[in-house]
Amino acid sequence: MILKVARLGHPVIRTPAHPVDPAQISTPQFQRLLDDLVETMREYEGVGLAAPQVHLSIQVAVLEVERPANYPDAPSVPLTFLINPEVTITEHATLDGWEGCLSIPEMRGVAPRYRELRVKALGRSGEPFDFVARDFHARVIQHETDHLRGEVYLDRMRDLRTLSHLAEWRRFALKPAT
Ligand SMILES: [Zn+2]
């Protein structure tokens, strides 16, 4: 089922999300929610979606980059479920890059993100896992885990003058700023 996406201004976008009780993960309702998050992310061509963006204040996010039409320089990222993720930054150097957000429709802006991080989380079967992500992959994870703390990429931008309407961005700004 495609879920309704909350936009900036809805209080849920600014509310820190609660951890998921691991005992809930295997329930049919929770598994259906995970499927709905994936379906909603794909429908709107996002590269990630966090539960607060569908009005649920819980620490769940999904990521997948396989059709990076809106992010032409992006590598692909396999479908990943992050439940109760904990992020540790492993490289504090930052990289500027363009971001958009389904909760801030039709906009793009340049935000700095740490280049490398380690994520520990539970997967869709409740299994603990961890991995290291770099560059665009690390950017998507920082964007989605920010949502779980009630933050959005606008909060990370150093210069709001890069903020662009998507249609104008496609004409003028396809090359990421560096
Ligand atoms: Zn977002």
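The model is predicted.

**Stop 1: the zinc site**

Start with the zinc ion. Show the side chains of Cys101, His143 and His147 with it. Cys101 coordinates the zinc ion through SG, while His143 and His147 each use NE2. The distances run from 2.0 to 2.2 Å. Along the chain, the donors follow the spacing C-x41-H-x3-H. Now colour two elements. Cys101 belongs to strand β3, residues 77-101, and His143 belongs to helix α2, residues 135-148. The two residues are 42 residues apart, so distant parts of the chain are linked here. Are Cys101 and His143 buried or exposed? Both are buried.

**Stop 2: the hairpin**

Next, select residues 104-122, which form strand β4, and residues 128-134, which form strand β5. These strands pair in the antiparallel sense, over 7 bridges. Pick Lys120 and look across to β5. Which residue is the bridge partner of Lys120 there? The partner is Asp130. Then move to the turn. The hairpin of β4 and β5 has 5 residues between the strands. Click on Gly126 in this hairpin: its phi is positive, near 85°.

**Stop 3**

Glu106 has a relative accessible area of 44%, so the residue is partly exposed. The range for that label lies between 20% and 50%.

Now jump to Asp135, in helix α2. Here phi is near 50°, again a positive value in a residue other than glycine. Asp135 counts as partly exposed because its relative accessibility is 26%. Keep Asp135 on screen for the next stop.

**Stop 3: from strand β4 to helix α2**

Arg115 and Asp135 form a salt bridge, with the closest N and O atoms 2.9 Å apart. This pair links distant parts of the chain: Arg115 is in strand β4, Asp135 is in helix α2, and 20 residues separate them. Arg115 is partly exposed, because its relative accessibility is 25%.

Move on to Asp146 and Arg113. Their side chains meet in a salt bridge, at 2.9 Å from N to O.

**Stop 5**

Arg156 lies in helix α3, residues 153-156, and Asp146 in helix α2, so the pair ties together parts 10 residues apart in sequence. How exposed are the two ends? Arg156 is partly exposed, because its relative accessibility is 32%. Asp146 has a relative accessibility of 3%, so this residue counts as buried.

Terms used. Residues are numbered from 1 along each chain as its sequence is written. This is a predicted model: local features need pLDDT of at least 70, side-chain atom pairs count only at pLDDT 80 or more; totals for chains, interfaces and linings use all residues. Side-chain values use heavy atoms; hydrogens and water are left out. Two strands pair if DSSP finds at least two bridges between them. Helices (H or I, at least four residues) and strands (E, at least two) are DSSP runs, numbered from the N terminus. Donors are N, O and S atoms within 2.8 Å of the metal (3.2 Å for Na, K and Ca); water is not among the atoms, so sites may look incomplete. Buried means under 20% relative accessible area, exposed over 50%, partly exposed in between (1.4 Å probe, protein chains only). A salt bridge is a side-chain nitrogen of Lys or Arg within 4 Å of a carboxyl oxygen of Asp or Glu.
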